Amino acid sequence: MKIAIINGPNLNLLGKREPEIYGNINFEDFFKSLQNEYQTADLIYFQSNHEGFIIDTLHEIGFSYDGIILNAGAYSHTSIAIADAVRAISTPVIEVHLSNIYSREPFRHHSYISETAAGVICGFGLQSYKLALQSLINL
Ligand code: DQA
């Protein structure tokens, strides 16, 4: 099973960035542990701070991969273009967030991605990614 994780803006700073909200583990370390735990899955990880890169990546892998786990960061709340790209592809996308976006500032309560995602998982820190992976494996 080919599954990609795509992280959007500022998620390259996980571990350093607002650790009281996002925790103190960097994503690369977490990703290695995920790869070890799920050796039957072919996992690949992308991160970009650029909206266009995220869209290009969705186009490139979104017709051949079995699943995509997408944390578009703040673009979730602003980007109709990323939501349209999710709509355009055939690979199921699970939207994830580390934090519970509904318990935070009102501008985080709406995500354009949610309307088009196969499912949404938020509020469980890095565990959100693991739950999404398990869900894709079971889909
Ligand atoms: C986030 C939540 C977003 O509101 C925020 O802009 C992020 C991270 C999360 O994973 O909790 O960058 O997507």
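1. A residue is called buried if 20 or more other C-beta atoms lie within 10 Å of its own, exposed if 12 or fewer do, and partly exposed in between, with C-beta atoms placed from the backbone. Helices (H or I, at least four residues) and strands (E, at least two) are DSSP runs, numbered from the N terminus. This is a predicted model, in which local features need pLDDT of at least 70 and side-chain atom pairs count only at pLDDT 80 or more, while totals for chains, interfaces and linings use all residues. Residues are numbered from 1 along each chain as its sequence is written.

2. Helix α5 covers residues 127–138, twelve residues. From its first C-alpha to its last it reaches 17 Å, close to the 16 Å expected at 1.5 Å a residue; the expected span is 1.5 Å times one less than the number of residues. Its buried residues are Ser128, Tyr129, Ala132, Leu133 and Leu136. These cover an arc of only 135 degrees around the axis, so they lie on the same side of α5; the arc is that of the directions from the helix axis to the C-beta atoms. Gln134 and Asn138 are exposed, on the face of α5 turned away from its buried side.

3. Helix α3 (residues 51–61) can be read in the same manner. Ile54, Ile55 and Leu58 are its buried residues. Their arc around the axis is only 100 degrees, which puts them on the same side of α3. The face turned away from the buried side of α3 carries the exposed residues Gly52 and His59. As background, an α-helix has 3.6 residues a turn, so residues three or four places apart point the same way.

4. The sheet is open and has five strands in the order β2-β1-β3-β4-β5, with parallel pairing. Two strands pair if DSSP finds at least two bridges between them. Strands β2 (42–47) and β5 (119–122) are at the edges with a single partner strand each, so one side of each has no neighbour in the sheet. The twist from one strand to the next averages 20 degrees; axes are lines fitted to C-alpha atoms, for helices over the stretch in contact, and angles run from 0 to 180 degrees between N-to-C directions.

5. How many residues of β3 are buried? Five of the five are, so β3 is largely enclosed by the rest of the structure. Gly67, Ile69 and Asn71 lie on one side of β3, and Ile68 and Leu70 on the other. In a regular strand the side chains alternate between the two faces of the sheet.

6. Strand β1 (residues 2–7) runs parallel to β3 and is joined to it by five bridges. Ile6 has Leu70 in β3 as its bridge partner. Three bridges join β3 (residues 67–71) to β4 (residues 93–97), again in parallel. On that side, Ile68 has Val93 as its bridge partner in β4, and Ile69 stands opposite Ile94.

7. The ligand is surrounded by Asn10, Asn71, Gly73, Ala74, Ser76, His97, Leu98, Ser99, Ile101 and Arg108. A residue is near a molecule or strand if its C-beta atom, placed from the backbone, lies within 6 Å of it. By class, the shell has three nonpolar, six polar and one charged residues. Here Ala, Val, Leu, Ile, Met, Phe, Trp, Tyr, Cys and Pro count as nonpolar, Asp, Glu, Lys and Arg as charged, and the others, Gly among them, as polar.

8. Asp42 lies in strand β2. It counts as partly exposed because it has 13 C-beta neighbours inside 10 Å.
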